[in-house]
Every structure is written in C-alpha cells, then in structure tokens.
Amino acid sequence: MPEPVRLFISYRSLDFAAVDAIVTRLKSLTHADHTPVYHVWQDKRDIPAGHDWWQSIVEAISACHVFLFMVSQESVRSPICQEELRYARRRNRPVIPIALSGHYYLNPTTAKNDLTFWSEVSAEVTAHNTQLLFYHEETFLSELERSISKFRSEPEQWVDLPAPAPLDPRNSQSTGHMLYSEACEFAFLLDFESAETKFRALLGDDRLGGHAKVWVEIIRNYQELRQFPANKFMQSLFVQEWAAYQKRFPTYPLGETVFDPEGLRAKLPATGGDKGAPAKTASANPLLDPRPSPSSGSSWKPSLAVRAQLALKGWALLAVLTGHTRAVASLAWSPDGTRLASASSDCTVRVWDAITFAPIATLTGHRAEIWSTSWSPDGTRLASASADKTLRIWNMQTYQPLQVLQEHSDQVWDVQWSPDGTQFASASMDNTLRIWDASTYTMLARLSTSARWMRLFWAPDGTRLAGQLGDLSVVSLWDAATYQSMGNLKDHQGHVLAILWSPERIRLITSSQEGQPSTTLVRVWDGPSYHTLHTLPTYTRSVTLSPDGKRIAFQSSDYHIQLLGDSRAVLKGHTGQIDTITWSLDGARLASGSWDNTVRVWAVR
C-alpha cells in the first residue's frame with residue numbers, strides 16, 4: 001500500500017470546532033489493510049510537550065506532502081496563517097485552500113459558491129491556479145482526493161525546494177499591529193474605554209507607542225467634545241473647541257481625515273470655510289488607518305476578537321451594511337431569518353444574506369422614498385410601500401417585480417402581510433386603510449381613517465388588525481374578517497410608537513409627554529385598561545420589544561440603542577437618527593437603520 005499522504009493543517013484557532021471535525025474525518029480514512037490514507041498534522045495535537053511551537057510548525061510544513069489552508073475571514077487576516085502559507089509556497093508544497101462552512105454563500109447571480117471577503121484573500125492563496133474547495137460534508141473527501149491526484153500527476157508540484165525558515169511571527173511586529181487594529185476598531189465603535197485600554201498597552205512599543213499615545217489624546221479630546229449640549233448658546237464655544245481639536249490633530253493618525261465617528265462635525269454651522277464640510281477620505285495606510293472602508297453595496301464586520309470582547313458586555317456588532325445612499329426607513333427579517341430587507345429614502349430595497357451579510361439583490365422601481373417593507377409568511381414575496389403612492393410586490397426567488405398597485409392617491413406609509421399569507425394591508429396618507437387579496441392582488445376593503453399616516457399590526461391569529469394613528473395618539477382596532485371597527489384605545493398622552501401583539505392581549509409601546517424632559521412609557525394593555533411596564537428616561541422615536549417580551553430596545557438621543565430588561569446594554573455606532581429597530585424572530589439579533597445610510601446588525605443576549 002502507498003505511503004500515507006502527509007497533510008499539514010493551517011487554520012485560525014478561532015475556527016477549531018469546524019477544523020477538528022475535518023481532521024477527525026481525514027484521520028478515520030484507511031486502506032483495505034487498515035493503514036491510514038492520510039497522516040494529518042495539526043499543531044494542537046502533534047507538537048510534543050516542551051518543543052518550540054514555531055520550530056515544530058516549520059518542520060511539519062517541510063515534511064508535509066500537501067498544505068491544507070482552512071479559509072475563513074479570520075485565517076486570511078491572521079499574520080501567523082499567512083506566514084505558514086508563504087513558507088509552504090517557498091518550499092513548493094501543493095496548497096489546497098478549503099473554505100469552511102459559514103464563510104461562503106451561494107451567489108444567486110452565478111449560481112456558484114462565493115466568498116464574501118475575496119478582497120482580503122492574499123495572492124498566496126490563489127497562486128498557481130489553485131482550486132478552492134468549498135467544504136460540503138458529502139462531497140469534501142472526493143474533491144480533496146481529486147485535487148491531490150492532480151498534484152501527483154504533475155511531478156514539478158511534488159519537488160521539494162529549499163528555503164530559509166521564517167521568523168516566528170509572534171516575535172515580530174504583527175502582534176502589536178493586531179492589538180493596534182483592535183484598539184482602532186473599538187474607537188470607531190465608540191467604545192472608548194476599551195480602545196484606550198488597548199492603546200495604553202502599546203505605549204511601550206518602539207514602533208507603535210507614539211501612535212498609541214496620540215490616539216489616547218484624540219479619544220480624550222473627542223469625549224470632551226461629545227459633552228457639549230446641542231443648543232445655540234454653546235455653539236460658538238463648541239466651534240472654538242472643534243477648531244482647536246482639528247488644529248491639534250490635523251492629519252494624524254488618519255491621513256487627511258479628522259477622527260469623528262459620531263458626526264460631531266455636523267454641529268458646526270454651514271458657513272465658515274470648510275468647517276462644516278464632510279471629512280475628506282484619508283489615503284489608505286494599513287498600519288495607521290485600519291478603519292473599515294466598505295465599498296458600495298458591501299458590508300463590514302468587526303474582527304472576531306473585537307466581537308468576542310463586546311459579547312462579554314452583552315452584545316456584539318455583527319456587521320455594518322452599506323450601500324444605501326439615503327436614510328434607511330424600514331427593515332424586515334425573512335421568516336426563516338436568513339435574509340434581511342432594508343428599505344430606504346434612496347428609492348431602493350436591498351436584500352442581504354443575514355448569515356454572511358453579503359448583498360444579494362437591489363430592488364428598483366419605486367420613484368420616491370420607500371417607507372415600509374414586509375415579507376409574506378412563506379418568504380417567497382416581499383411588499384414595499386412608497387411615497388410614490390404605489391405598493392410593489394416582489395418575487396423573492398428571482399428578485400423581480402410581480403405587481404404594482406396604484407389605487408392609493410397619496411403616499412403609502414405602511415404595508416403588512418397577514419399571518420396566514422392570504423391578505424396584506426396598506427395604510428396611506430390619503431386617509432385610507434386598504435385590504436388586498438394576496439393571490440389576485442384585488443382590493444377586498446377600503447376603510448376610512450382619521451389620520452393621514454399610520455402603522456399597521458396584525459394579531460398573530462389574523463383575526464384583528466391594529467392601526468397606530470399618527471399624531472392622534474390613538475390605536476384603532478378592526479375585525480379582519482368583517483373589516484368592521486372594534487373601537488379605539490384613546491388614553492395615550494403622546495404618540496404611539498409601536499404595537500406588539502400577544503395571544504391574550506395587545507402590548508403597546510407609547511410615548512407621552514410627562515413633564516420636562518419627555519419620557520417614554522411602555523404600557524401593557526388588557527382590553528381598555530393598561531398598566532405601565534417600563535418608564536424610559538427620554539423621548540424616543542424608535543422602540544421595540546423582543547419577541548419574548550423580556551427586552552426593550554429603544555433609540556436614545558445620542559444615536560445609541562439602549563437595551564433594557566433581563567439584560568442591559570448600550571449599542572454604539574450609528575452617527576445619525578435611528579428610524580427603525582427590529583428583532584429577528586428568535587430574539588438573538590437586532591437590526592437597526594439610520595439616517596447615516598447604514599444598517600447595523602447586532603448579536604444581543
């Protein structure tokens with residue numbers, strides 16, 4: 001029987017669970033005489049006690065027949081994994097990159113698997129026309145064997161080339177650079193405490209200590225600027241302080257851009273040179289400017305190390321979805337939680353993969369702002385409501401339009417699908433609520449209302465429909481079978497922000513003026529009566545309850561999201577007013593849309 005093929009496994013330790021499963025499968029393969037097909041080398045299993053870690057890795061790469069590079073967003077960013085890969089290439093080892101599950105998606109345009117982070121994959125991975133394998137449990141072993149057989153048929157790929165052993169990347173500048181990048185990520189996430197802690201850990205670094213010291217000063221200055229109240233009496237002082245801040249850190253360490261992740265520059269008057277102008281784009285410097293710079297239609301994810309540390313605080317920013325050019329007004333999770341639709345004032349609906357955060361499709365056709373979007377319960381269709389007075393129904397398998405409904409005579413403010421998928425309801429500034437047949441798209445009922453705008457909420461059993469009547473501070477109820485009014489809830493002192501149905505009662509979130517400053521009351525209604533569940537210490541535009549009713553998410557005045565309930569947290573990052581917040585159906589994720597033109601997806605616990 002042939003000698004076992006010696007495989008070296010290069011991977012990021014954060015991917016250990018997926019990699020261990022692959023290694024176990026490879027080690028289990030044997031020939032007819034029970035000799036192993038593969039000899040698999042993995043650092044955590046095969047470095048003897050007391051041996052130098054990096055020297056053992058270098059020796060194992062030199063001894064291997066084939067180098068398996070486990071591709072994930074973390075491994076392509078890892079200096080250690082990249083150094084292992086470079087050395088394998090210098091030694092002329094055949095390299096087979098394997099995309100791990102969860103790090104690729106099915107591209108609907110090409111009908112092929114694709115990585116969401118191709119721009120980060122180094123040339124070392126794809127050199128020599130290397131075949132990238134996508135890990136599927138059923139086909140992986142056969143695909144791997146075909147790739148190895150291909151290398152065996154090319155003798156030049158099996159010839160060993162001598163090469164000097166590389167230095168241990170842990171003792172080079174890479175560790176400091178990783179810490180520096182993490183510190184910058186925290187700064188741009190507005191987690192200044194974590195950022196300053198990490199920058200201070202670098203003050204003794206010969207190369208990065210000076211940069212870290214400047215960053216500590218920037219953060220402290222910026223925090224002082226954030227404390228200025230937004231009123232005209234303090235504006236002149238704020239302008240002076242901003243000018244001093246800009247003069248103190250004119251181009252350093254972010255090229256031509258002044259550090260301003262929260263958009264404080266917008267407080268400056270429009271006149272006075274370029275003081276109120278948008279910041280210029282800094283020239284890229286991978287060391288001193290590690291800011292996320294997503295291209296149009298893409299998404300940015302904080303590094304796994306940063307997300308893990310944020311998770312200890314009860315939340316983690318999973319992704320920033322960019323591509324919209326105006327404010328995001330509505331968000332909707334698909335029923336199975338795998339897709340997220342975002343509607344914007346830029347007249348488009350964008351659909352995102354909610355697992356990889358890759359953009360899937362852009363739905364165009366509306367000629368004015370889109371205020372609302374809603375999935376059919378089976379996830380095959382999407383409805384959108386627009387200021388162009390139309391409703392549009394989209395096929396969510398082909399992402400093509402199915403129907404345009406033009407019966408409303410004014411802006412359509414909201415659209416919501418019934419729980420059984422047989423109907424959908426729309427509300428317009430023409431003072432009507434309309435019910436539509438979801439099969440024929442014919443209008444079943446036209447109900448007059450006393451409000452020019454409203455939000456709609458179906459009861460889970462589909463028997464009732466609630467309407468939030470705008471500035472009238474009223475909730476109206478209709479029978480969904482007869483389309484007859486069931487009365488109004490009128491006891492609110494302020495605007496109704498949202499409604500959450502439960503099987504036995506309506507849960508309402510209401511905002512009311514209660515002295516100065518305004519507060520937001522969270523009320524639970526049982527028929528005509530209610531009791532106050534929570535009092536939020538500020539007036540807010542966006543409030544939502546988690547599906548289990550245990551947590552409240554609301555926008556605070558500083559563009560943050562506050563979480564209250566069985567766990568508390570502050571989600572930081574948006575730099576503009578938040579117009580929409582929505583929980584995934586499992587309550588594990590939260591999506592928010594803002595006037596900063598972005599969608600942010602959070603993991604919360």
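User: How many residues of strand β14 are buried?
Analyst: Six of the six residues of β14 (residues 370–375) are buried, so the strand is largely enclosed by the rest of the structure. Buried means under 20% relative accessible area, exposed means over 50%, and partly exposed is in between (1.4 Å probe, protein chains only). Strands are DSSP runs of E with at least two residues, helices are runs of H or I with at least four, and both are numbered from the N terminus.

User: Where do these numbers come from?
Analyst: This is a predicted model, so local features need pLDDT of at least 70 and side-chain atom pairs count only at pLDDT 80 or more, while totals for chains, interfaces and linings use all residues. Residues are numbered from 1 along each chain as its sequence is written, and side-chain values use heavy atoms, with hydrogens and water left out.

User: Back to β14. Which strand is it joined to?
Analyst: Strand β15 (residues 381–386), through five bridges, and the two run antiparallel. Two strands pair if DSSP finds at least two bridges between them. T373 stands opposite S384 in β15. The hairpin of β14 and β15 has five residues between the strands, and G379 there takes a positive phi near 75 degrees.

User: What is the strand order in the open sheet of four strands?
Analyst: The order is β22-β23-β24-β25, with antiparallel pairing. β22 (455–458) and β25 (485–489) stand at the edges with a single partner strand each, so one side of each has no neighbour in the sheet. On average, neighbouring strands are turned by 20 degrees against each other, direction ignored. Axes here are lines fitted to C-alpha atoms, for helices over the stretch in contact, and angles run from 0 to 180 degrees between N-to-C directions.

User: How many bridges join β24 to β25?
Analyst: Four bridges join β24 (residues 475–479) to β25. L477 stands opposite G487 in β25.

User: New topic. Which residues have the most contacts inside the largest nonpolar core?
Analyst: F199, W215, W242, Y245, F259, L571 and L590, in a core of 49 residues. The largest share, eight residues, comes from helix α9 (residues 209–226). A nonpolar core is a set of buried Ala, Val, Leu, Ile, Met, Phe, Trp, Tyr and Cys residues joined through side-chain atoms within 4.5 Å.

User: What is F199 in contact with?
Analyst: Leaving aside neighbours within four places in sequence, F199 is in contact with Y180, A183, C184, A212, W215, V216 and I219. Contact means heavy atoms within 4.5 Å. A second, separate core of 26 residues includes W54, I57, C81 and L85.
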